[in-house]
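The points are grouped by topic.

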Amino acid sequence: MEKLKILNLNFSFQRATHYHINGGMLLMGVVLLAMILANSPWGDAYSAFWGYEVHLQVGEFNFFSHNGHHMTLMTFINDALMAIFFFTVGLEIKREILVGELSSIRQALLPIVAACGGMLLPVIIYYYMTAGTPAQDGLAIPMATDIAFSLGVLSLFGKRVPISLKIFLTAFAVVDDIGGILVIALFYSSHLDLNYLLASAGILAILCGGNYLQVRNRWFYVFWGVIMWYLFLQSGIHATIAGVIAAFTVPATPHYKIGKYINRIKENIAIFPASDKESIILDKVQINVLKTIESSSDRVISPLQSLEDSLHGMVNYVILPLFAFANAGISLTADHGGIEVGTPTWAVMTGLLVGKFIGIYFFTWLVIKLGFASLLKGMTWVNLVGICLLGGIGFTVSLFIANLSFEEAPVLLTQAKMGVIAGTLLAGILAYLVLKFTLPKESLNE
């Protein structure tokens with residue numbers, strides 16, 4: 001049973017990594033397309049398109065509205081669709097804490113400490129470069145690592161990459177996500193409405209009650225999660241946080257235990273006669289048995305894993321590319337004709353490129369030298385340089401926080417986005433060059 005558990009976790013990790021890698025490749029193409037359109041003769045039409053309103057209306061009530069203001073296509077993507085992204089992030093975090101690389105202190109210590117360094121130093125660098133200027137509100141922009149983009153770059157080396165490097169990168173990127181979520185929840189909420197907050201607490205109680213009473217129907221958590229998202233939207237707390245909170249209430253245990261399921265499958269299979277023929281005519285009993293097996297198969301997968309698996313495709317191939325297409329299309333030139341750069345550009349770029357690298361590498365070195373952890377098998381101080389540089393690829397969450405930071409300052413927002421894209425691009429290129437010369441020359445058999 002322990003061997004089965006290990007194989008299942010390895011399969012889940014490889015499947016999730018596959019989604020992230022393919023999603024990262026798609027993001028790269030979408031970002032390039034958005035930049036081309038934004039700086040083409042169709043740039044004005046591209047920008048105006050995101051201002052169209054979105055309605056899901058019954059009478060005077062529009063579900064996609066905030067304090068009486070209808071959502072635009074841009075806010076719908078950033079506040080509604082990205083809540084689904086954060087919901088999957090919450091599911092991933094819960095899985096990692098329960099059975100993944102964050103399930104024990106010994107396993108989690110190295111990536112947690114590395115991630116803390118990778119969040120702290122970029123914030124310090126950004127602060128010293130922007131203190132006393134309007135740009136200082138974007139402190140949290142360079143603290144995030146984009147797992148899809150970073151794994152996408154790492155995938156270019158195929159089987160030359162030791163599995164330990166992939167696990168380390170994935171684990172500290174997940175911790176980065178936790179840090180980003182906390183920052184959004186604590187510092188990007190305003191004008192709190194107590195009535196909506198109390199209603200949200202009531203919905204959370206229903207979700208927790210469902211978990212306690214072992215409700216395994218995933219649509220129960222989706223339905224009440226959507227209601228909580230709407231209440232958060234009206235309450236003043238950023239609505240995407242509802243996705244994370246709802247994810248934490250989704251049960252991680254299946255309706256049927258795997259042993260009981262396998263025994264039942266064996267009993268059901270015995271009903272079918274042995275036959276060498278290509279096909280046989282099934283009787284009603286056998287058809288009903290097959291339907292029972294199909295139904296039982298769904299129930300042996302926990303709601304958490306089922307939702308995570310179902311949503312990964314939509315998130316990585318629809319939501320994140322759409323987010324990138326809407327937010328990465330920035331005009332490279334300012335009104336005066338020069339490149340649109342400023343203090344936020346250099347601060348974000350330095351934070352991602354220098355701060356993330358030094359923070360991750362130094363904190364990793366420190367925790368190992370103090371004897372609290374050790375390098376994983378296949379990791380060296382040299383190839384760790386490349387992984388730390390990959391930590392500077394901070395696209396999705398960095399752009400998201402930039403939107404929150406400079407929502408009312410479009411010039412600063414554009415400059416910050418320039419920093420995110422430039423820092424991400426440079427970090428990716430440098431990481432690729434370092435890993436090209438530091439990874440094994442031949443494929444590994446792992």
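At 4% relative accessibility, Gly210 counts as buried, because the cut-off for buried is under 20% relative accessible area. The model is predicted, and the residue numbers used here run from 1 along the chain as its sequence is written.

- Gly210 belongs to helix 7, which covers residues 194–212.
- Between Gly210 and Tyr221 the C-alpha to C-alpha distance is 8.2 Å, and the two are eleven residues apart in sequence.
- The loop between helix 7 and helix 8 (218–235) contains Gln214.
- Gln214 is not a glycine, yet its phi is positive, at about 60 degrees.
- Gln214 has a relative accessible area of 58% and is therefore exposed, the cut-off for exposed being over 50%.

**Helix 3 against helix 12**

- Helix 3 spans residues 73–99 and helix 12 spans residues 303–327; their axes come within 9 Å.
- The two axes cross at roughly 145 degrees, and the crossing of helix 3 and helix 12 is left-handed.
- In the contact of helix 3 with helix 12, 18 residues are nonpolar, three are polar and four are charged.

**Salt bridges**

- Side chains of opposite charge can pair when their charged atoms come close.
- How many salt bridges does the model have? The count comes to three.
- One of them joins Arg95 to Glu96, with 3.3 Å from N to O.
- Arg95 has 11% relative accessibility and so counts as buried.
- Glu96 is also buried, because its relative accessible area is 5%.
- Arg95 forms a salt bridge with Glu308 as well, and here the closest N and O atoms are 2.7 Å apart.
- Arg95 is in helix 3 and Glu308 is in helix 12, so this pair ties together parts that lie 213 residues apart in sequence.
- Which of Arg95 and Glu308 are buried? Both are buried.
- Asp176 pairs with Lys356 in a salt bridge whose closest N and O atoms are 2.7 Å apart.

- Which residues make the nonpolar surface patch? The patch consists of Met25, Met28, Leu156, Leu425, Ile429, Leu430, Tyr432 and Leu433.
- The area of the patch is about 680 Å².
- Helix 1 (2–38) and helix 16 (410–438) each contribute at least two residues to the patch.
- Helix 16 gives the largest share, five residues.
- Leu425, one of the patch residues, is found in helix 16.
- Leu425 is exposed, because its relative accessible area is 53% and the cut-off for exposed is over 50%.

Methods:
Predicted model: local features only at pLDDT ≥ 70, side-chain atom pairs only at ≥ 80, totals over all residues. Heavy atoms only, no water. Patch = residues over 30% accessible without salt bridge, like charges linked within 9 Å, V, L, I, M, F, W, Y side chains within 5 Å. Areas by Shrake-Rupley, 256 points an atom, 1.4 Å probe, with all protein chains shown as cover. Salt bridge = Lys/Arg side-chain N within 4 Å of Asp/Glu carboxyl O. Helix = DSSP H or I, 4+ residues; strand = E, 2+ residues; numbered from the N terminus. Buried < 20%, exposed > 50% of the residue type's maximum accessible area, 1.4 Å probe, protein only. Axes fitted to C-alpha atoms, helices over the stretch in contact; angles between N-to-C directions. Left-handed = near helix turned anticlockwise from the far one by under 90°. Nonpolar A, V, L, I, M, F, W, Y, C, P; charged D, E, K, R; others polar.
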